[in-house]
Amino acid sequence: MARRDREREQPFDLALAKVSRFTNTPVDQVSQRLQEFLKQAKRSFEGRELDANSFAAVCTHIAGIGDRLPATFGDRFLFDSALIRGIGDDFGEGVALSRMIVPRHESDWGHERVSMPSEDLNFAHMMELIHLPGKDLLSEVDLLSYPWIIHELGHYILARHSDRFIPAFRDELKKTGANLRLGAIADRGQAKARAEKTLNDVFKFWSPTYDQQNWAHELTIDLMSLWSCGPAYLACFQDVVENSNLNPYELTEVHPPYAVRADALLKGAGQMRIGGFSLKLQQLSDSWQRSQWKNYRDNRFLALARPELVDGSLKVAFGLCRELKMPQCTAQRVANLSREAAKYNGDEIGLDLLLLAWFVYEEKGKDAFSSWEARVVEQLVKQIK
Ligand SMILES: [Zn+2]
């Protein structure tokens with residue numbers, strides 16, 4: 001082979017090595033598809049249907065996907081994968097969770113979409129990665145924080161159902177915009193400029209964009225997580241925001257301030273009639289107004305943290321949960337937990353496990369919970385294997 005051709009094959013060999021190391025792993029199917037796609041690209045290149053630059057680009061793209069596949073497939077990977085699948089089954093056909101959702105152990109919670117190569121341009125396959133903090137070790141499973149999985153899956157659900165979510169949220173935003181314009185109709189000079197700035201800010205932070213980096217998506221996802229996990233989601237949210245180093249009024253485009261998220265969750269819990277489980281969060285939220293951060297609750301914050309948009313989020317989020325027939329964590333469901341906890345012996349994995357973990361911790365305390373969690377997780381892994 002001429003040296004030039006050999007050089008051109010290097011990206012191919014590299015990409016093939018990167019994706020074929022996943023043969024016979026839990027992502028074997030993805031690996032096979034990527035290998036096949038690479039080989040097809042090579043055939044097209046050899047048949048002169050694909051030029052050298054395009055061939056190299058395909059190889060680099062696929063090598064990049066290989067880099068994003070989970071790095072390890074230990075017991076925690078098996079457990080987390082089974083849990084995600086179980087949650088998907090509980091969500092049912094309305095949500096229809098993809099089978100291409102895999103956990104990846106990272107430094108923090110997150111959701112990542114990796115587009116798979118596809119010959120059919122109208123149907124791009126996506127691989128969804130749910131980032132879970134920690135290493136691929138069973139000892140790092142923390143069921144009390146696992147309702148965040150629902151939040152991260154919420155990003156996937158909203159992406160999948162964006163044709164329903166985005167127009168519904170835009171309607172809410174339009175109403176607010178119209179009211180703000182009406183309210184500013186008589187303004188002149190500086191007052192008018194201020195009103196226009198507020199209006200622009202509200203749209204900048206709240207518009208539901210496809211990249212999901214906005215308040216509308218985050219609040220809706222929090223509320224969908226509350227819908228399915230109830231008090232378990234309230235508790236794991238509280239665990240994060242109890243940190244007094246966090247400024248609950250911080251304004252960024254990506255996430256609504258914690259104070260706004262807490263407000264939405266409190267209102268949501270009230271609507272779901274599980275408000276009795278949100279008393280601690282209510283206290284915390286009240287205490288923020290006297291905290292070291294209180295001065296950040298300024299006019300700009302108040303102009304953006306509009307209660308009517310929090311209400312709009314509730315309407316859209318719960319409406320979507322009903323449309324997709326997502327299981328709801330009702331007060332009755334919580335009341336049944338004590339009976340279920342008594343008979344649960346680590347045989348089913350899904351949404352219930354998250355609720356039971358919350359319940360056992362609340363009822364029995366930290367030490368009893370830790371041994372319960374270790375026993376249940378070990379039992380489940382044995383069954384999965
Ligand atoms: Zn999020």
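Predicted model: local features only at pLDDT ≥ 70, side-chain atom pairs only at ≥ 80, totals over all residues.
1. Setting aside neighbours within four places in sequence, P248 is in contact with V241, P257, Y258, A259, W288 and W293. The proline sits in the loop that runs between helix 9 (231-241) and helix 10 (258-271).

2. Is P248 buried or exposed? P248 is buried, because 24 other C-beta atoms lie within 10 Å and the cut-off for a buried residue is 20 or more. The chain also brings K294 into this picture: 46 residues separate K294 from P248 along the sequence, yet their C-alpha atoms are 8.9 Å apart.

3. Next, the domains. The domain assignment of the protein gives domain 1 (72-161 + 345-385) and domain 2 (165-323). Their C-alpha centres lie 26 Å apart. The contact between them takes 16 residues from domain 1 and 17 residues from domain 2.

4. Which elements give two or more residues to the side of domain 1 that touches domain 2? They are helix 5 (147-160) and helix 16 (351-364). Helix 5 gives the most, with 9 residues. By class, this side of domain 1 has 11 nonpolar residues, 5 polar ones and no charged ones.

5. Now to the largest nonpolar core, which has 99 residues. Those touching the most other members are L38, I62, L223, M224, L234, L354 and L355. Both domain 1 (72-161 + 345-385) and domain 2 (165-323) supply this core with at least three residues each. As background, nonpolar side chains tend to be buried together in soluble globular proteins.

6. L223 is worth a look of its own. Leaving out neighbours within four places in sequence, L223 is in contact with A264, G268, S313, L314, A317 and F318.

7. Finally, a helix pair that you can pick out in the viewer. Helix 2 (residues 28-46) and helix 3 (residues 52-68) pack with their axes 10 Å apart, at an angle of about 170°. Helix 2 is therefore roughly antiparallel to helix 3, since the cut-off for that label is an angle over 145 degrees.

8. What residues make the contact between helix 2 and helix 3? Helix 2 contributes L34, F37, L38, A41 and F45, while helix 3 contributes F55, V58, C59, I62 and I65. Sorted by class, the contact has 10 nonpolar residues, with no polar and no charged ones.

Terms used: Residues numbered from 1 in each chain as written. Core = buried A, V, L, I, M, F, W, Y, C linked by C-beta atoms within 7 Å. Buried ≥ 20, exposed ≤ 12 C-beta atoms within 10 Å, placed from the backbone. Domains from an automatic or database assignment. Contact = placed C-beta atoms within 7 Å. Helix = DSSP H or I, 4+ residues; strand = E, 2+ residues; numbered from the N terminus. Nonpolar A, V, L, I, M, F, W, Y, C, P; charged D, E, K, R; others polar. Axes fitted to C-alpha atoms, helices over the stretch in contact; angles between N-to-C directions. Parallel < 35°, antiparallel > 145°, perpendicular 65-115°, else oblique.
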